[in-house]
Amino acid sequence: MRRIFTISLLLMFMSLSSWAQIGDHRNELSIGVNGGYVMSNVGFTPSVTQKMHGGITGGFTVRYTCEKYFKSICAIVGEVNISQMGWTEDIRTADDLPVINSVTKVAEEYERQLTYVQVPLMARLGWGRERKGFQAFFQLGPQVGMYLGDKKKSNFDYGSRNVNDRIGALREAVMDTLDVQRKFDYGITAGFGLEYSNPKLGHFIIEGRYYYGLGDIYKNSKSDYFGRSNNSGIFVKLTYLWDVVKSKNKNIK
């Protein structure tokens, strides 16, 4: 997994280096802010039935546009974000029905929200207008994250929870109470989006992005309970950028 992460990082910088030697030069620096919504889960092995966990994400964005290679606008994008990841259990009985708590008469629910500082670094290819109009883009690269803390939420008393009828009750007991053991997270992120640029107003961007974690939140040796426990998430983001440095290239439109 670490090899995949390293290879993706090397490929990104090799691509940028090759563009810089061939393309129509740019020197554009833009900074701004981003925010959005993330739907995430944790890939547990043995598996745990889950729903998508909803959270928010937001932070700062820096983009450096270096070349136009044929019709592709080449840039590198970096972000520093605070993101709410985690999982929401889909608690079920042996009859594959929601557990009914004998006291509250409602289905038992449990969710765990993990807060991270996330830093993606992506190579970006765009097609369309740079200064005024629309541009479609694709971006891909490695992402690292640092765990800040978590928050647990449930609608039942843990000591009196229904363990007799639950599927995977032992797994859930472990994951519900175990603290995050590996606070450093890393993986691959990629996304598609659309950007509208205006010389006076700046750049307005909407993007859909997917993150797949290559690390685990719990230890995964043979003596540990989980063989896999990696983060993944779908991000829907809005970004606003303004230009700090602009090229004097007359071919830019």
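Modeller: F184 has a relative accessible area of 44%, so F184 is called partly exposed, the class between buried (under 20% relative accessible area) and exposed (over 50%), with a 1.4 Å probe and protein chains only. This is a predicted model, in which local features need pLDDT of at least 70 and side-chain atom pairs count only at pLDDT 80 or more, while totals for chains, interfaces and linings use all residues. Residues are numbered from 1 along each chain as its sequence is written, and side-chain values use heavy atoms, with hydrogens and water left out.

Colleague: Why does Y186 count as buried?

Modeller: The relative accessibility of Y186 is 12%, which is under 20%, so Y186 counts as buried.

Colleague: How many aromatic pairs does the structure hold, and what makes the pair of F184 and Y186 stacked?

Modeller: There are 11 aromatic pairs. Rings of Phe, Tyr and Trp (its six-membered ring) pair if their centres lie within 6.5 Å; planes under 30 degrees apart count as stacked, over 60 as edge-to-face and the rest as tilted. The ring centres of F184 and Y186 are 6.0 Å apart and the planes stand at 25°, so this pair is stacked. Y218 and F226 also form a stacked pair, with 5.7 Å centre to centre and 20° between the planes. Both Y218 and F226 are buried.

Colleague: Why is R112 called buried?

Modeller: R112 has 0% relative accessibility, so R112 counts as buried.
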